[in-house]
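Colleague: Can you walk me through this model? I have some questions about it.

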Amino acid sequence: MDNQVFIGIDIGGTNVDALLADAKGSEIAFTTNSIRQPSKRPVDIVIQTVLELMEETSEMPCAIGVGVPGLVDPKTGRVDLAVNLSEPSIDLGSILKHEFSLPVFVDNDANAYAMAAAKFLFDESVQNLAFITLGTGVGGGLVLNGEIYNGTKNMAGEIGHTYAGPNLVRCQCGLNGCLETFVAGPAIARIAKNAANSDRATSLKNVEVLDAAVVFRHAEAGDSVSQEIIDEMCGYLARATHMLMMSFDLQKIMIGGGLSRAGNALLNPIQKEWAKMACQSSMAAEMLKPDILELCPLDFRAGTWGAVAIAMNQMCITDSAQDFGVVENGSVRSDEMRPIIKTQI
């Protein structure tokens, strides 16, 4: 397995990134393209990007992994609600298999992020973790017993659509009170605009375009209203991550996505809320250890590395199944498949 190389594809809303890496976690080549190009179907841009990547090196990949937003069936490679591909649904796995004559493994992007963390950011003792993405929306992926947990309907980990409290704002899923309506980027911008239009004294009144990044900057500059908005947001995140800990007894929870760029301005208030819970409950004190919660390193390409990890893991399963003369639905663990790398630029 050490001499095999893999392609990881991360299909985002702006770009499609492709990475070629070996099983030891060494990057061989990387390329990226805009996913939005005139007169080109997004899936054709994905194919173009992979071809460009393969032209950069003489290495022949043994498999392709893909992380993509949407409702993904990892068994078939079909993606429903494939917004980034401008398709209501698409048999992405089949298209790429036909194009490249290689095994292709497709999963939700948040699951890919979780697998990237498990494979490349933590040592092999970390078998149970969650990855939360904070940006325009709120997503989540789970790795349990070292493998992605998809759930019955491939919806496991969708923490953004769990109930967080009363809210008149309707979530994009159709319900009221979802976590996403309290902590996602658009939610923070909405709350900030309401504050700026109120009679409260705040430096937010002087900003033409309000977004989450602006609120964090003004909070760090000493604006009390901005800090209240951040503290409230982090209170919801603290309770949501507490729910994850009590549900799955995790070893790590990692937060990534655009809002994680706020760094300690995001992490510290969540940790503060965890500490309050720990003071009130011996059970919470046992479960909410400060070192459990981490931010994804800014220079780590979690999407592409996660897609590589998915391809590596699935090829390991396939190889093990062939060794035993059976096809298994479950996952087979291999120490050989646990490269540990430093963060990538």
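Colleague: What kind of model is it, and what cut-offs apply?

Modeller: It is a predicted model: local features need pLDDT of at least 70, side-chain atom pairs count only at pLDDT 80 or more, and totals for chains, interfaces and linings use all residues. Residues are numbered from 1 along each chain as its sequence is written, and side-chain values use heavy atoms, with hydrogens and water left out.

Colleague: Which residues touch the most other members of the largest nonpolar core?

Modeller: Leu134, Val183, Met233, Ile253, Leu266, Ile270 and Trp274, out of 50 residues in that core. A nonpolar core here is a set of buried Ala, Val, Leu, Ile, Met, Phe, Trp, Tyr and Cys residues joined through side-chain atoms within 4.5 Å. Buried means under 20% relative accessible area, exposed over 50%, and partly exposed in between, with a 1.4 Å probe and protein chains only.

Colleague: Which helix gives the largest share of this core?

Modeller: Helix 7 (residues 224-248), with 11 residues. Helices are DSSP runs of H or I with at least four residues, strands are runs of E with at least two, and both are numbered from the N terminus.

Colleague: And what is Leu134 in contact with?

Modeller: Leaving aside neighbours within four places in sequence, the contacts of Leu134 include Val183, Met233, Leu237, Ile255 and Leu266. Contact means heavy atoms within 4.5 Å. Apart from this core lies another one, of 32 residues, with Val126, Ile148, Ile310 and Met315 among them.

Colleague: Back to helix 7. What is its span?

Modeller: Helix 7 has 25 residues and reaches 36 Å from its first C-alpha to its last, close to the 36 Å expected. The expected span is 1.5 Å times one less than the number of residues. Asp249 follows helix 7 and has a positive phi, near 50°.

Colleague: Which residues are buried in helix 1?

Modeller: Pro42, Val43, Ile45, Val46, Ile47, Thr49, Val50 and Leu53. The cover over the buried residues of helix 1 includes strand 1 (5-11), strand 2 (15-22), strand 3 (27-34), strand 7 (87-91) and helix 2 (92-100).

Colleague: How do strand 2 and strand 3 run?

Modeller: They run antiparallel and are joined by seven bridges. Two strands pair if DSSP finds at least two bridges between them. Leu20 stands opposite Ala29 in strand 3. The two strands form a hairpin with four residues between them, where Gly25 takes a positive phi near 90°.

Colleague: What about strand 6 and strand 7?

Modeller: Strand 6 (residues 78-82) is joined to strand 7 by four bridges, and the two run antiparallel. Arg78 stands opposite Asp91 in strand 7. This hairpin also has four residues between its strands, and Ser86 in the turn has a positive phi of about 55°.

Colleague: What is the strand order in the open sheet of five strands?

Modeller: The order is 11-10-9-12-13, with mixed pairing. Strand 11 (147-148) and strand 13 (293-295) stand at the edges with a single partner strand each, so one side of each has no neighbour in the sheet. Strand 9 and strand 12 (residues 252-256) pair in the parallel sense over five bridges. Ile132 has Ile255 in strand 12 as its bridge partner.

Colleague: How many aromatic pairs does the search find?

Modeller: Three in the whole structure. In the pair of Tyr113 and Phe131, the ring centres are 5.5 Å apart and the planes are at 45°, so the pair is tilted. Rings of Phe, Tyr and Trp (its six-membered ring) pair if their centres lie within 6.5 Å; planes under 30 degrees apart count as stacked, over 60 as edge-to-face and the rest as tilted.

Colleague: Are Tyr113 and Phe131 buried or exposed?

Modeller: Both Tyr113 and Phe131 are buried.

Colleague: Which ring does the charged end of Arg301 sit over?

Modeller: The ring of Phe30, at 3.9 Å from its centre. A charge sits over a ring if NZ of Lys or CZ of Arg is within 6 Å of the ring centre and within 35 degrees of the ring normal. Arg239 lies over the face of Tyr236, 5.0 Å from the ring centre.

Colleague: Last one: where is Ser260?

Modeller: Ser260 is in the loop between strand 12 and helix 8 (264-280). Its relative accessibility is 5%, so Ser260 counts as buried. Ser260 and Leu134 are 126 residues apart in sequence and 6.7 Å apart in space, C-alpha to C-alpha.
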